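Let's take a walk through a protein model together.

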Amino acid sequence: MASPTPRTIRIGLLGFGTVGQGVWKHLHNNRAALERRLGVGLDIVRVGVRDLKKKREVKVPDSRLTTDLGAIVDDPSIDIVCELIGGVTTAKLLTERALKSGKVVVTGNKALICEHGAELFRLVQRGRGHYFFEASVAGGIPIIKTLREGLIANRFRLIYGILNGTCNYILTRMACEGRSFDEVLADAKRLGYAEADESLDVDGWDAAHKAVILAYLAHGRWIKPKQMLVQGIRDITPHDLSYAKELGYTIKLLAIISRDFSTNRVFARVHPCLLPQRNLLASVDDVFNGICLCADVAGSTLLVGRGAGQDATASAVISDIADAVVALRGAPPPVICEEDADTYARLGSGISIASLAEITGRYYLRLTVKDKPGVLAEVARALATHKISIATMIQREDRAAQTAEIIFTTHASNEQRVHQACRHLKKLRVVLGAPFLLRILEDEGL
């Protein structure tokens with residue numbers, strides 16, 4: 001007796017930019033192997049675009065292109081909708097329509113999840129659809145599956161990592177070549193590593209959106225970006241990178257999610273950090289991402305890979321399409337699923353957000369000062385007023401300008417005291433310009 005013809009899963013793409021074209025290309029190139037493993041046929045039947053006449057690297061039959069994205073969402077024959085348009089407003093409306101109709105939605109839209117994840121997950125819980133978003137954090141690194149499934153037995157006191165490839169590329173080039181931020185940013189734009197408007201990346205907000213998602217998955221608590229400490233990389237100079245190296249560190253833009261289980265307080269932040277050169281993350285360079293998970297059972301786990309780009313992100317989207325197929329065939333969801341609002345409510349029960357006074361660590365402080373007697377003593381007194389103790393000091397003078405650059409590292413203090421000290425220092429007549437502050441991350445994890 002002949003075996004029944006396998007069902008064909010019909011897929012619609014909303015958006016056909018870099019990631020959408022990667023999904024089409026790799027799904028078609030690997031189609032036979034994927035279909036054998038999943039036991040179904042896979043067919044991208046509709047592709048929503050803004051401009052039908054736009055030239056693209058990947059060729060799609062004209063009959064499958066449409067400018068009516070709503071028609072893809074409303075088509076009852078389409079099983080999986082891949083939302084790849086980005087942004088929040090239109091993406092949210094289309095996602096809600098798809099979920100309400102019982103469809104499976106796959107996305108890489110971190111901004112949408114960050115701003116509206118709680119309501120979208122509640123919508124899924126009330127309906128018949130599913131929402132998959134592995135591509136929203138760290139591209140080809142399966143961090144969401146790792147948190148949700150692979151390390152389910154663990155509690156995480158600390159998660160930290162490089163979550164923005166653009167910033168990592170810029171800092172790597174600056175450190176290796178001694179070039180300025182503006183010079184390397186211009187190169188990054190020419191090479192396609194940075195957007196025309198680079199602010200989302202270099203000011204830290206892209207990484208902050210990803211940190212919000214990881215904090216929810218690890219701790220069941222939605223943290224708003226405005227509740228976070230967010231600092232970008234614009235003000236880092238080649239001198240900072242050189243001083244850091246002299247002190248035994250590398251500077252990386254890190255997203256950090258920490259939890260004190262004794263007080264049940266959590267805090268999420270994104271900022272440049274001095275990372276010890278011995279730390280494995282310190283050697284993660286160029287456009288790569290890396291995430292360290294410090295857990296109570298498994299210890300420290302490091303995941304490294306391409307965090308963005310067509311292939312890495314398409315890989316994550318196709319992985320979610322595979323999971324969506326499994327869900328459509330009637331398999332139960334994972335033990336802890338991001339759609340299980342009740343489970344995550346219990347996970348986040350009683351957690352509150354830590355204050356700045358509870359965020360402790362060591363600091364790197366750069367000052368430009370007048371080069372004259374008594375300046376160092378005046379600066380030291382200001383720091384002592386706020387109970388900040390100096391650990392090391394480097395001084396470089398500019399005789400022509402009659403100024404000096406002083407770099408301090410401190411013993412352990414906290415964010416509240418350091419912010420107060422910086423405001424105090426800025427008011428001193430001997431201090432020229434705003435103090436520049438970086439954090440030092442020294443943890444036993446990796």
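Predicted model: local features only at pLDDT ≥ 70, side-chain atom pairs only at ≥ 80, totals over all residues.

Which residues does Ile 143 touch, not counting residues up to four places away in sequence? They are Glu 134, Val 137, Ala 138, Leu 214, Ile 291 and Leu 293, where a contact means heavy atoms within 4.5 Å. Residues are numbered from 1 along each chain as its sequence is written, and side-chain values use heavy atoms, with hydrogens and water left out.

Ile 143 belongs to the largest nonpolar core, which has 86 residues. A nonpolar core is a set of buried Ala, Val, Leu, Ile, Met, Phe, Trp, Tyr and Cys residues joined through side-chain atoms within 4.5 Å. Here, buried means under 20% relative accessible area, exposed means over 50%, and partly exposed is in between (1.4 Å probe, protein chains only). Ile 143 is among the residues with the most contacts inside this core, and so are Tyr 131 and Leu 293. Helix H10 (residues 205–219) gives the core its largest share, ten residues. Helices (H or I, at least four residues) and strands (E, at least two) are DSSP runs, numbered from the N terminus. Apart from this core lies another one, of 33 residues, including Ile 9 and Phe 132. In soluble globular proteins, nonpolar side chains tend to be buried together.

Now for some strands. Seven of the eight residues of strand S2 (residues 41–48) are buried, so S2 is largely enclosed by the rest of the structure. S2 pairs with strand S1 (residues 8–14) in the parallel sense over seven bridges; two strands pair if DSSP finds at least two bridges between them. For instance, Gly 12 has Arg 46 in S2 as its bridge partner. S2 also pairs with strand S3 (residues 65–66), again in the parallel sense, over two bridges, and Val 47 has Leu 65 in S3 as its bridge partner.

Finally, let's look further along the chain. Ser 389 is in the loop between helix H14 (375–385) and S15, and counts as partly exposed because its relative accessible area is 39%. Ser 389 and His 411 are 22 residues apart along the chain, yet their C-alpha atoms are separated by 5.5 Å. Ser 389 touches His 411, along with Thr 409 and Thr 410. Met 393 sits in strand S15 (residues 390–398) and is partly exposed, at 38% relative accessibility.
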